[in-house]
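Hello,

Here is the structure I promised to pass on. Please open it alongside these notes.

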Amino acid sequence: MMKRTFKMSAVALVLGASAVLSAPAALAQTSPVVCPGYEKGKTTLVGERTGKKVQKAFEFYNEDLVDEALNVLYEIDPSDDFDKAYVNRFIGNLLAAQEGQGGKAYNYLVDSVKNKVLNDLEHAQTLKLLGDLSMQEEKYNDAVKWYNSWMDFTCKEDADVYTRLTQAYYESKQLDKMIEPADRAIALYEEPNKNPYVLKLTSYYERKMYDQTVLVAEELVRKFPEEPRWWTQLGMFYLQVEEYKKALSSFELADMQGFLKKESEAKALAQLYQSNGMPYRGAKTLEKFIKAGVLKEDAQLTASIANAYHAAKEFKTAAKLYAKAAAETSDPEYYRKQGTLLLIAEDYKGAVKALENALERGIENPEKVHFTLMEANFYAGDYRAAYKHVQEAKKDRSLRRNAAAWEPYIKEKAKNRGINI
């Protein structure tokens, strides 16, 4: 949320355009209003009696005696509408610069513009200040009103005002109204400013307009390529619209620039490699970020790396990592995966050992492990053990037919080797 601090120069605070005190020529300002056909009116000055007290208040203020200045102003009871508005504006400006006085300042400033009697510069400045003060006091609908009033009165366009107006629309939940002022702010800033882009992106995202969100995120990356988070956010938005190759490109470019510093970002890149058919690079990415200290190595992460190597058909490497995860946790599922991969890698004795560990630790659906043990023992030449495990595998209805088909084959092989089972 936007917060603003109100500390003004003494001259700007008191003088405005009504020069109770003489201002240097260097402070001469451009026309406060640029509407077509606008003609500057005659400058109104405060009356002599009010002017003397304002002068005294200004002297206190100039010596940083704000409370004393306010006490002088509070004692003024002008009958003239202009004098009353002018004093209220002065009080409001002083209060706005004080901590915790925003609400009180707001009321004085509203009174000062109510009858439109201030000179045009003072009126314009106060309308904008009311917008800023409304933002500070979290009166977001009021902020919208005052910023629009300032633009209507002056016919001016200001990038900062448009950005604040966009913020006010966001805070007041008027998400659909954010785009136009955000676009005007973007167009008006001489140097790119990220704030209106971010507000525009937020409007689209919170309304689930993901295609438009992606377009703004792409613009953020183009305009502010040195900012790490735009790259990763763009990648996440690509995932939202199922543009997986673009998501991978975004995260890869962020990684090349050293922008990936969070656990979630490192894991996202690794996952994108896997989902884009590059599991080996996914595994290597996880290992790289462990080494860099971004990821903390544990059994679960070790198993994730093993899974990536498995997908990359690096069966021995994957089996080794599952063994490591199993040793840390005694999780029978890790032993089962280790054994299955060792079977594929034709390390039958290693497979048998791992699968027996899985059974010993109470794995669910043990019949499936028995079926794999039957295969591992068969290829290792231990037909008696293979036959024993095929009997256990047959207890699972889903495996019964396949197990029954293996049974005579095991018997035949054993008979050919002179083994009685």
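Helix α13 (residues 244-256) and helix α14 (residues 263-275) cross at roughly 135°, and their axes come within 9 Å. This is a predicted model. The cut-off for roughly antiparallel is over 145 degrees, so α13 and α14 count as oblique to each other. The crossing of α13 past α14 is left-handed.

The α13 side of the contact consists of Y244, A247, L248, F251, E252 and D255. They meet E265, A268, L269, L272 and Y273 in α14. By type, the contact residues are eight nonpolar and three charged, with no polar ones.

L269 turns up again in the largest nonpolar core, which has 59 residues. Together with F289, L295 and I305, L269 touches the most other members. Helix α16 (residues 299-311) gives this core its largest share, seven residues. Take I305: beyond its neighbours within four places in sequence, I305 is in contact with A283, L286, E287, I290 and L321. There is also a second, separate core of 49 residues, with V46, F90, L94 and A105 among them.

Now the backbone. Most residues other than glycine have a negative phi. Two exceptions to look at:

- C155 is not a glycine, yet has a positive phi of about 60°. C155 sits in the loop between α7 (140-154) and α8 (159-171). Its relative accessible area is 36%, so C155 is partly exposed.
- E346 also has a positive phi, near 65°. The loop between α18 (332-344) and α19 (348-360) holds E346. Relative accessibility is 57%, so E346 counts as exposed.

Best wishes

Methods:
Residues numbered from 1 in each chain as written. Predicted model: local features only at pLDDT ≥ 70, side-chain atom pairs only at ≥ 80, totals over all residues. Heavy atoms only, no water. Axes fitted to C-alpha atoms, helices over the stretch in contact; angles between N-to-C directions. Helix = DSSP H or I, 4+ residues; strand = E, 2+ residues; numbered from the N terminus. Parallel < 35°, antiparallel > 145°, perpendicular 65-115°, else oblique. Left-handed = near helix turned anticlockwise from the far one by under 90°. Contact = heavy atoms within 4.5 Å. Nonpolar A, V, L, I, M, F, W, Y, C, P; charged D, E, K, R; others polar. Core = buried A, V, L, I, M, F, W, Y, C linked by side-chain atoms within 4.5 Å. Buried < 20%, exposed > 50% of the residue type's maximum accessible area, 1.4 Å probe, protein only.
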